[in-house]
Amino acid sequence: MSSPMTYSQFSAFLEVASKEELYEALCRAHEVINDEQRFYISHAMESRKKVATEPAGKLLQYVQTFEQRSRAGYFYREFDMSGDDYDWVPPHTDAWFYELGLWLDRACELAQAPEAEVARKIFDICLPLIDDMSEGIAFAHDLGSWMIPAQHDYLAVYEQLKARNLCAAACPKSRKAQRRSALKGGVG
């Protein structure tokens, strides 16, 4: 048996593989991964599709559903941590951070008029989730906004929206975002 592909080898394979080879690889991978890994992959694919294909107004409904599911504990999977797995992150927690990153990135993209109001509403839902993540939303040894795979500096974009009076300055969520920004040195 040969050794497993490294990430760079796997990436090179994906670049040149035919559709048939990709299909075969995905089917085989689906056979050998566990249910939690299947959950993460299917959740990531569904989330990415929603973000990429839906109009701005419809995205807000998806973000509201994401918030409801988050607060209901859908992504929360507690486990007994030991010295060997203290840095392990459950797939449901990974899926939560992945989806949150998608919504924050999409809000950043929508922050330019005419969709700036939708972006503000998405931020008003997502930023409090970040503040509350340790309250039964996500589970890991060392939770933090550093786990959010956002491509954009979402706090900076939120601050820009606020500066354009699209976010209420007196809003408690805004103060939390300001504290977060100050603690991080202004980096998202």
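**Close-up views of a predicted model**

By the rule used here, the count comes to seven salt bridges. A salt bridge is a side-chain nitrogen of Lys or Arg within 4 Å of a carboxyl oxygen of Asp or Glu. The model is predicted: local features need pLDDT of at least 70, side-chain atom pairs count only at pLDDT 80 or more, and totals for chains, interfaces and linings use all residues. Residues are numbered from 1 along each chain as its sequence is written, and side-chain values use heavy atoms, with hydrogens and water left out.

**View 1. Confidence along the chain.** The mean pLDDT of the chain is 77, and 74% of its residues reach 70 or more. Here pLDDT is the predictor's confidence in each residue, from 0 to 100. Among the elements, helix H6 (residues 116-131) has the highest mean, 92. Helix H8 (residues 172-183) has the lowest, 53. Helices (H or I, at least four residues) are DSSP runs, numbered from the N terminus.

View 2. Asp124 pairs with Arg120 in a salt bridge, the closest N and O atoms being 2.3 Å apart. The two are separated by about one helical turn, because they are four residues apart in helix H6. Asp124 and Arg120 are buried. Buried means under 20% relative accessible area, exposed over 50%, and partly exposed in between (1.4 Å probe, protein chains only).

View 3. Arg71 and Glu67 meet through their side chains (3.5 Å, N to O) in a salt bridge. Both lie in helix H4, four residues apart, about one turn of the helix. Arg71 counts as partly exposed because its relative accessibility is 42%. Glu67 is partly exposed too, with a relative accessible area of 23%.

View 4. The side chains of Arg106 and Glu109 form a salt bridge (3.5 Å, N to O). These residues are three apart in helix H5, so about one helical turn separates them. Arg106 has 18% relative accessibility and therefore counts as buried. Glu109 has a relative accessible area of 45%, so Glu109 is partly exposed.

**View 5. Stacked rings.** A search of the whole structure finds five aromatic pairs. In one of them, the rings of Phe66 and Trp96 have their centres 6.2 Å apart and their planes at 20°, so the pair is stacked. Rings of Phe, Tyr and Trp (its six-membered ring) pair if their centres lie within 6.5 Å; planes under 30 degrees apart count as stacked, over 60 as edge-to-face and the rest as tilted. Phe66 is in helix H4 (residues 56-71) and Trp96 in helix H5 (residues 91-110), so this pair links distant parts of the chain, 30 residues apart. Phe66 and Trp96 are buried.

**View 6. Edge-to-face rings.** The ring centres of Phe123 and Tyr158 are 5.5 Å apart and the planes stand at 70°, so this pair is edge-to-face. Phe123 lies in helix H6 and Tyr158 in helix H7 (residues 154-163), so the pair ties together parts that are 35 residues apart in sequence. Both residues, Phe123 and Tyr158, are buried.

**View 7. Charges over rings.** The charged end of Arg69 sits over the ring of Tyr74, 4.0 Å from its centre. The charged end of Lys58 sits over the ring of Tyr62, 5.7 Å from its centre. The rule asks for NZ of Lys or CZ of Arg within 6 Å of the ring centre and within 35 degrees of the ring normal.
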